[in-house]
Amino acid sequence: MIQLQNIRYSIGQRTLFEDLDWVIAPGSRCALVGPNGTGKTTLIKVALGEITPERGARVLARGSRVGYLPQEAAERFDGTVLARALEAHRHVRAMRQELDTLHQALTGIAPDDPELAAMLERAGALQHHLDLHDEHALEPEARRVLSGLGFARVDQDRPLAEFSGGWRMRAALAALLLTDPTLLFLDEPTNHLDLPAMEWLEDYLEDFRGGLVVVSHDRVFLDRVATEVRELENGRLAAYPMTFTRYLEEKEVRRDQMEAQNAQLEQKIAQLSRFVERFGAKNTRASQAQSKRKQIERLKSQRVVIPRRAKGIRFQFPEPPHAGRSLVRLKEVSFGYAARDVFARAAVEIGRGDKVAIVGANGAGKTTLLRVLGGQLAPRTGEREGFSLTRAAYFAQHAAETLDPGLTVLGALEAVANADWRPRLRSLLGSFLFSGDDVFKLCRVLSGGERQRVALARILLEPANLLLLDEPTHHLDLAGKEVLEDALDQYPGAVVVVTHDRSLMARLATRVLEVSDGRVVLYPGGYDDYESTRLSRVAEADVAPPGQAPPPAAKAPTARVSRDRDAPVAGDGGRRERAERQRREREQSRIEKDIEAREARCAVLEQRLADPEVYHDGARARELVGEYERLRAELESLWQRIGEL
């Protein structure tokens with residue numbers, strides 16, 4: 001448990017928190033929310049003890065193990081992905097290395113060596129500690145967590161330095177989860193996760209029994225993992241013991257109640273003020289007027305300070321120019337690098353007014369497909385057919401990072417604006433919350449969210465009938481995401497978007513393109529229909545008997561999938577699931593017997609290796625050590641299979 005009492009903290013002349021109290025209890029599942037810049041990350045660091053408040057106290061319960069994943073956790077690491085995850089058990093690995101060194105030393109030591117007794121005692125102590133920490137299960141569990149976060153088995157043994165920052169962040173998250181903390185703080189954990197990894201993390205956190213505090217702009221994620229909300233605004237922390245969706249509704253209810261309460265107070269104050277104005281100068285009513293004045297002061301003190309509504313982005317996409325029925329078409333298109341195809345024989349047509357989401361695991365080729373559609377990449381084979389009336393606008397995933405840091409906010413727009421737009425650029429920037437001298441800020445000093453707003457403003461400068469958007473909600477806060485959703489939903493032109501934002505896809509997409517295993521598959525329903533189909537496919541693959549291929553991933557539905565039509569399949573899947581469960585139970589029982597036999601043999605070997613007489617015969621000692629190491633390796637493999645089952 002962590003308790004914050006009467007916390008005050010300031011940065012310069014700005015007070016972030018004043019008289020703030022917060023108890024993070026065991027089992028808490030809290031979403032920490034608030035507009036960008038209110039101090040959510042700073043508050044987490046106060047709770048962690050990394051920042052000392054100006055006033056107040058932080059109390060940490062004895063025995064607490066606190067884990068923290070910052071927004072940017074992509075530090076370099078000289079080792080493999082697996083080794084990074086196992087950093088969570090660094091002390092256990094150090095004990096294993098020491099014990100292995102001792103075993104090697106014992107094979108060549110003389111029986112009368114004065115250090116022999118101490119070495120044997122240390123070896124026994126190390127073995128005892130390794131048994132207590134279930135050393136044999138650490139690597140299988142690490143590989144399970146890494147697999148859930150999207151690392152293929154072969155990639156887990158590659159150097160971490162070969163991976164991008166997003167993947168290094170996943171390895172850091174795996175190491176954090178493996179520490180088994182009692183209190184877990186996550187700051188934007190879904191930023192670099194694709195949909196399968198995001199869903200795996202949600203399932204993991206649903207089973208997590210410690211306290212959880214999460215900062216995220218992903219509404220679906222917050223609804224799944226949090227049962228309470230703490231809203232940080234104007235230096236105060238308001239409690240909402242409910243899910244995030246209910247919090248959004250309750251916040252408006254509370255605001256309406258406060259406005260109504262203030263309106264009643266103002267009405268009473270006005271009535272009393274009229275009495276004072278009318279009779280305050282009359283001696284016969286002077287005492288009554290004085291009483292009314294005191295009553296007015298008491299009522300004024302009861303006024304509730306209503307938080308101002310946060311400023312939001314206000315914009316809509318320009319009316320798209322006239323377009324034909326088709327905007328772009330791919331015919332049997334393949335694209336790849338060197339000898340490897342990213343995808344092959346893709347047949348895609350984007351028509352006027354289509355709203356299409358491109359989905360798939362990280363690295364599957366989503367951005368590549370978007371760039372081929374936009375004509376930025378030429379197909380290896382096949383044909384991309386454009387049309388004369390098509391006017392496309394492309395928003396790159398890292399558009400915010402590609403802004404010239406030496407330009408001002410206004411200059412970044414002037415660099416791409418035509419003569420008609422130039423007189424209206426400051427008005428446009430005002431819609432994106434850049435007012436006054438803010439337009440003269442250099443891009444290098446902008447926050448991630450501010451740079452994203454500049455990049456979005458730039459794509460409005462030229463009317464388009466086809467918007468190609470790659471992760472447009474990255475760095476936007478919840479309010480910004482909602483405004484962008486509204487604008488895209490009302491936009492009459494065509495939209496093709498690559499995103500991991502499930503709320504955006506659910507609201508916007510009328511069709512889904514999945515890039516998977518080198519193929520591009522069209523799902524004609526919306527995102528909810530696609531997700532239902534995908535989960536059914538995953539369930540069928542999970543229960544497929546050994547040696548039997550799962551249903552082909554590329555088989556797309558030809559119409560919307562209804563729940564009634566799925567019902568028989570679900571029943572059939574239940575029978576297959578029961579049969580598969582029985583098969584797994586039989587295999588697990590057999591493996592457990594193998595483990596029991598090997599552990600018994602290891603116990604015998606440990607006793608023999610602890611006997612100094614064994615080392616009189618160097619060859620025999622080496623044979624025993626070799627057998628012991630082989631059994632340990634076999635046990636590790638068997639425990640890994642148990643974990644998989």
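Visitor: How far apart are the axes of helix α6 and helix α7?
Guide: This is a predicted model. Helix α6 covers residues 165-178, and helix α7 covers residues 195-207. They pack at an angle of about 15°, and their axes lie apart by 13 Å.

Visitor: Which residues of α7 make the contact with α6?
Guide: The crossing of these two helices, α6 and α7, is left-handed. From α6 come Arg170, Leu173 and Leu177. From α7 come Ala197, Trp200, Leu201 and Tyr204.

Visitor: How many residues in the contact of α6 with α7 are charged?
Guide: The nonpolar residues there number 6. No polar residue takes part. The charged count is 1.

Visitor: What is the hand of the crossing of α3 and α4, left-handed or right-handed?
Guide: Helix α3 spans residues 90-106 and helix α4 spans residues 116-132. Their axes are 10 Å apart, at an angle of about 145°. The crossing of α3 and α4 is left-handed.

Visitor: How many nonpolar residues are in the contact of α3 with α4?
Guide: On the α3 side, the residues include Val92, Met95, Leu99 and Leu102. On the α4 side, they include Leu116, Met119, Leu120 and Leu126. The whole contact has 2 polar and 3 charged residues, and its nonpolar count is 12.

Visitor: Are α5 and α19 oblique or roughly parallel to each other?
Guide: Helix α5 (residues 135-148) packs on helix α19 (residues 618-644) with the axes 8 Å apart. The angle is about 45°. Angles under 35 degrees would count as roughly parallel, and 65 to 115 as roughly perpendicular. The pair α5 and α19 is therefore oblique.

Visitor: How many charged residues are in the contact of α5 with α19?
Guide: Helix α5 brings Glu135, His136, Glu139, Pro140 and Arg143. Helix α19 brings Arg632, Glu636, Trp639 and Gln640. By class there are 2 nonpolar and 2 polar residues, and the charged ones number 5.

Visitor: What is the volume of the largest cavity?
Guide: The count of cavities of 30 Å³ or more is 2. The lining of the largest cavity includes Phe317, Ile459, Glu462 and Tyr491. That lining has 8 nonpolar residues, no polar ones and 1 charged. The volume of the largest cavity is about 40 Å³.

How values were computed. Residues are numbered from 1 along each chain as its sequence is written. This is a predicted model: local features need pLDDT of at least 70, side-chain atom pairs count only at pLDDT 80 or more; totals for chains, interfaces and linings use all residues. Side-chain values use heavy atoms; hydrogens and water are left out. On a 1 Å grid over the protein atoms alone, a cavity is a set of points where a 1.4 Å probe fits but cannot get out, and a pocket is an open set with protein on both sides within 12 Å along at least five of seven lines; lining residues have an atom within 4 Å of a point. Grid points are joined across faces, edges and corners, and a volume is the space filled by probe spheres set on the points. Ala, Val, Leu, Ile, Met, Phe, Trp, Tyr, Cys and Pro count as nonpolar, Asp, Glu, Lys and Arg as charged, and the others, Gly among them, as polar. Axes are lines fitted to C-alpha atoms, for helices over the stretch in contact, and angles run from 0 to 180 degrees between N-to-C directions. Helices (H or I, at least four residues) and strands (E, at least two) are DSSP runs, numbered from the N terminus. Angles under 35 degrees count as roughly parallel, over 145 as roughly antiparallel, 65 to 115 as roughly perpendicular and the rest as oblique. Contact means heavy atoms within 4.5 Å. A crossing is left-handed if the near helix is turned anticlockwise from the far one by less than a right angle, and right-handed if clockwise.
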